[in-house]
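Reader: I am new to reading structures, and I would like to learn where the words come from. Could we go through one together?

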Amino acid sequence: MSEFLEPFERMIESLSPPATVRAIEAGGEAGALWNGIAESGFLDALVPEERGGAGLPLAEVCALWQALGRHAVPLPVGETMIARALLADAPDGPIALASAGPGAATVVPFGRVARHVLLEFGGRLCLVEASGEETGVAGSLAARMIWNAAPAEVVGAAPDGGLRAIAAVLRAALIAGAADRLTAMTAAYANERVQFGKPIGKQQALQQQMAVMAEDMVACRIAAQLGCAGALQPGLVAAATAKSIASTAAARLAATAHAVHGAIGISEEYDLQLYTRRLHEWRLADGSETYWNRLLGAARLGDARGSVDYVREAL
Amino acid sequence: MPVFDTLSLASLPQADEAIRPAIRAIAAEAAAATGADRRARSWQGYDPAFSRRLGEAGFLGLTLPEHYGGHGRGPFARFVVVEELLGIGAPVAAHWIADRQSAPLILNFGNEAQREFYLPRIARGEIFFCIGMSEPGSGSDLASVRTRAERTESGWRVNGQKIWTSGAPHCDYMIALLRTSGSAEDRHAGLSQLIIDLKAPGVTIRPIRDLAGDEHFAEVFFEDVDLPADALIGNEGDGWKQVTAELAFERSGPERIYSSVVLLDAWVRHLQAVGRDDPATLALVGDFTARLGVLRAMSIACTARLAAGESPVTEASLVKDLGTAFEQQLPVAIGDDLAAHPDQAVDAELYRTLLYVTHVAPSFSLRGGTREILRGIIARGMGLR
């Protein structure tokens, strides 16, 4: 486990408690939170040492990304880490990631709270100022953005495998972190909530669902770690595996967490929704499970190896 | 901080990867000219000559110390060997139980004489073991076993019956969970493990034919079967504790994700041959590929706990439950896919493989602990109960 995880998690835990998350979702000022994170130096975790960064391997940063999901941090911290590693001269402030084609509206996670967007458009990377419409979804920090033509602010060629692949791996890690928190919250609630004279966690029917939740949660974590096992530009097989597994599990995890919590889980004042709303948004962002499954399936069918050899060697 | 963080990405050490080519060559020999429908049987496929060949080549008893005829390797080496054997569907049933769990059990809990007698023979592929757990009245409720071993002047006398004992018709020994004191109401107390020579007078084995026409499991009857004192393995009364440790070995291996992989490969080759590449097919292939990749990584993560000297009971249950769900969904989805394309002929071997795996798939989440029992163990690991 990364030695940086504990200080990083301690920092975001104190800077970004649920009250702060809610305030920023409601349109409140995010500058103080951003400055606190920026001052910690963690935004340059992936920047090579020769450019003044920490030069951490992606495998180590994976644990930090999961921590962001575990605390529902309402800013594009992971995205900015990626952008700062890809850009020789990154601007200050939060940077969101997007991949888009001409005229197609794209929902950009954290688009509402980003200052810039690192955009892949027509095989090129562009750095544009963030501007878009609110999605109208309650509490969402995403924004709808449309680019009708290639932006002028080209900063380089798209990375190998595409920006979407890196973003998908980040999304898988965020899902894994949120899944972790959701599983812990749900187990704790099941042990507290008494019905029929005993904690509902003693009901076998509920235990069976909770066990599946734990399986999905661990699968998400391992999938995210697989996605982060290589370089910053993950291969297709690694990115597809990570996002396919995490997206598939995300919907199930949210469903079970809500089923166990009952009506309180639907309420705004209870923290569960901070995580389940994110799980659904991140499931769809940067390609759903079927988007990635199709790409992975095409790669697999184009390969003569057996299935075990394929996942062993290509992943 | 993360919960259940004992399972984290691990990789196979280079030294263990290095044995892959040699075991692959032997596995390929055994699988050559064998149809996919036979290979799909894999750990139900009985071939004692192949097991002895593996023993001669040094692929049995890998994790046993060298002075017991083993090879002093760790669980990662065993993972590589098992993966190669199951990936191609080599017939491993003869030595399977002895190598996977009887040998570690004897090593961990047996006395010196037992280790010296059994372990080198297991490592040579000369003696085969089965596990005597289930009884007619004891399935998931294993602590309710009634078959008894009574102390005699010279050792033990066994009376009772085991059932669903895989491999019993071909095995030399059974390691049985027996009641040595008290009654079924005493539950975990009063249970012990004994090694039973299946050629001993009073042992009767009746094979049970399964729905696929195979006879891999059996009823085993004990009528005044006299055993020597050293048939007891470990401590009298510690049977439950020992069985729990044994089950971590049984549940944690890659056999819990690869039961349908011969079918998966046969289906992929069919798709490649007919050139099907519509979006629905690609998505299905991609889904299976992603899940196989993550399950394999989870299984290696679990193996890493074994390698660290732990007994990953909860982790093994978690991987097995997710793995068997995958193994069971494969034949359902592949059957639907093939029959949704009636214009693309399915050859007879693929069809037989599909229906064989479809028919035996329910056993995947029964053997080694049912889905419901495993989920109970996971729930307990989460702090529920």
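Reader: Why are α11(A) and α10(B) called roughly perpendicular to each other?

Author: Good place to start! This is a predicted model, in which local features need pLDDT of at least 70, side-chain atom pairs count only at pLDDT 80 or more, and totals for chains, interfaces and linings use all residues. Residues are numbered from 1 along each chain as its sequence is written, while chains are lettered from A and ligands numbered from 1 in the order in which they are written. The axes of helix α11 (residues 307-314) of chain A and helix α10 (residues 279-307) of chain B cross at roughly 70°. Angles of 65 to 115 degrees count as roughly perpendicular, and therefore α11(A) and α10(B) get that name.

Reader: What makes S307(A) and T289(B) part of the contact?

Author: Two residues are in contact if their C-beta atoms, placed from the backbone, lie within 7 Å. The contact is made by S307(A), Y310(A), V311(A) and R312(A) on α11(A), with T289(B), L292(B), G293(B) and R296(B) on α10(B).

Reader: How do the residues of that contact divide into nonpolar, polar and charged?

Author: Ala, Val, Leu, Ile, Met, Phe, Trp, Tyr, Cys and Pro count as nonpolar, Asp, Glu, Lys and Arg as charged, and the others, Gly among them, as polar. For α11(A) with α10(B), that gives three nonpolar, three polar and two charged.

Reader: How many residues does the contact take from chain B and from chain A?

Author: The contact takes 46 residues from chain B and 45 from chain A. On the side of chain B that touches chain A, α10(B) gives the most, with 18 residues. That side divides into 27 nonpolar, nine polar and 10 charged residues.

Conventions: Axes are lines fitted to C-alpha atoms, for helices over the stretch in contact, and angles run from 0 to 180 degrees between N-to-C directions. Helices (H or I, at least four residues) and strands (E, at least two) are DSSP runs, numbered from the N terminus. Angles under 35 degrees count as roughly parallel, over 145 as roughly antiparallel, 65 to 115 as roughly perpendicular and the rest as oblique.
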